[in-house]
Every structure is written in C-alpha cells, then in structure tokens.
Amino acid sequence: MAKTSDLCPACKGSRVRSHGAGTERVEEDARKLFPNARIVRMDSDTTSRKGDSETILRGLDRGEIDILVGTQMITKGHDFPGITLVGVIAADASLNIPDFRGAERTFQILTQVSGRGGRGDQPGRVVIQTFNPGHYVIRRAREHDYAGFYADELPLRRQLAYPPFSRLVGFHFSSLKKREGGKAVAEIGARARKLAATVAGGSWM
C-alpha cells in the first residue's frame, strides 16, 4: 500500500501539497497549443446527462474531433481506427493512492489506454508522462509485459500479506453526526481488532 510522505525527502520541509492537471486545465492548454484543432473534453462534467457520452464518441468516430481530452472513462472498450496518438498525463499519480491495488490498477489503465491507438492501418504511438519512469509498473506497461508485472508485483503482495495471500475486509461508514459517527467507528474498530486477535495467525492491518 503506497503512502505519500508528509515531509520533503530532500529538505525535510513539511509544506508538501499534491498537485495535478485536471481535464479542464489540459483542455485549456491544448487549445492554446493547437488553436485550430477541434477539441472536446469528456469527463463527469461533460457527460452528466444521458446520451452525452454517446454523442461525443459518435463525433470522434465521424472524424469531427481532432483531440479528445478525458478521464479514465475514455480508456475502455472503444475502437476508433483513426486514432494514432495517445497521451497519458501524470501516469504514476494512481501509484500514490493508499490502496494495495494501486500498482495493478495503474498497469491496467496504461495497457488499456495504450490499446486505443493504432487500431487501423496506420501505426499508433503512446506518450506517457511520468515522474518515475523506472518504476516497474511504467516499464512493464510500456513493454506490454503482463507476466513481468505479475512477477514484480506478487513478491511485494506476499511480503506485506496482501491478497491473494490474505483476505481484507473494508468497512465504510456514514453519519449525519460527526461525534456519534466517530464513536461508533471506534467501537466497531475495537471489536474488529479483538475478533482478529482471536483467529489463529490473524492480524489487523
């Protein structure tokens, strides 16, 4: 499970913040760089109504869109032979999410989006922006090496006792009252730790 540090590794300063380029910012910059291009953004804001996604994808299929800027929703299940260039912004951002499946999901997304280009007669090209080009996820995705990713990921899962070498249970709570909700979470957490301790070889992670 990845966890971002609260301190800068170089100067040990605590003024560390997360920054990223949202789809709106990418669209804005793309319009500046390519003023004559027909650019469309596809994300939760532009596809909130029924049929919005289909309208955008039909336009892409008819060649009415030169550049499509979007979130992960544009990476899956689409086949447009005319796409020859795919770009991924901040490809390693999902590696910093506190989830043991972060590497797996990043590899999956990168391999999926890489498959969007070059589906027709013309070869495709994929450009990946990353702050960590040496990470095994980035390298294996670049090489489309599923077996290599599996070989890299599995020992880490085994070392940390993550699935498939264990089972994890996630509890999600919601409450209209913060104090009462916090009290209930603490109580259930204590019960869960006690239950885990009674299981042979059990541990609470």
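Guide: Before we follow the chain, note that helices (H or I, at least four residues) and strands (E, at least two) are DSSP runs, numbered from the N terminus. This is a predicted model, in which local features need pLDDT of at least 70 and side-chain atom pairs count only at pLDDT 80 or more, while totals for chains, interfaces and linings use all residues. Residues are numbered from 1 along each chain as its sequence is written, and side-chain values use heavy atoms, with hydrogens and water left out.

Visitor: Which pattern does the protein chain follow along the sequence?

Guide: Read in that direction, the pattern is α-β-α-β-β-α-β-α-α-α, and the protein chain has six helices and four strands.

Visitor: How should I read "buried", and what percentage of the residues in the protein chain is buried?

Guide: Buried means under 20% relative accessible area, exposed means over 50%, and partly exposed lies in between (1.4 Å probe, protein chains only). Of the 205 residues in the protein chain, 27% are buried.

Visitor: What is a nonpolar core, and which residues have the most contacts inside the largest one?

Guide: A nonpolar core is a set of buried Ala, Val, Leu, Ile, Met, Phe, Trp, Tyr and Cys residues joined through side-chain atoms within 4.5 Å. The largest one here has 13 residues, and A103, L110, V137 and F149 have the most contacts inside it. Two or more of its residues come from each of β3 (85–88), α3 (102–114) and α4 (136–143). Another core, of seven residues, lies apart from it and includes I56, L60, I74 and F80.

Visitor: Which residues does L110 contact, leaving aside neighbours within four places in sequence?

Guide: Contact means heavy atoms within 4.5 Å, and with those neighbours set aside, L110 is in contact with V88, A91, I128, I138 and A141.

Visitor: Where is I128 placed, and is I128 buried or partly exposed?

Guide: I128 belongs to strand β4 (residues 125–128) and is partly exposed, because its relative accessible area is 27%. Not counting residues up to four places away in sequence, I128 touches V88, A91 and L110. Although I128 and L110 are 18 residues apart along the chain, their C-alpha atoms are separated by 8.7 Å.

Visitor: Where does S94 lie, and why does S94 count as buried?

Guide: S94 lies in the loop between β3 and α3, and S94 counts as buried because its relative accessibility is 17%. Leaving aside neighbours within four places in sequence, S94 is in contact with G102 and T106.
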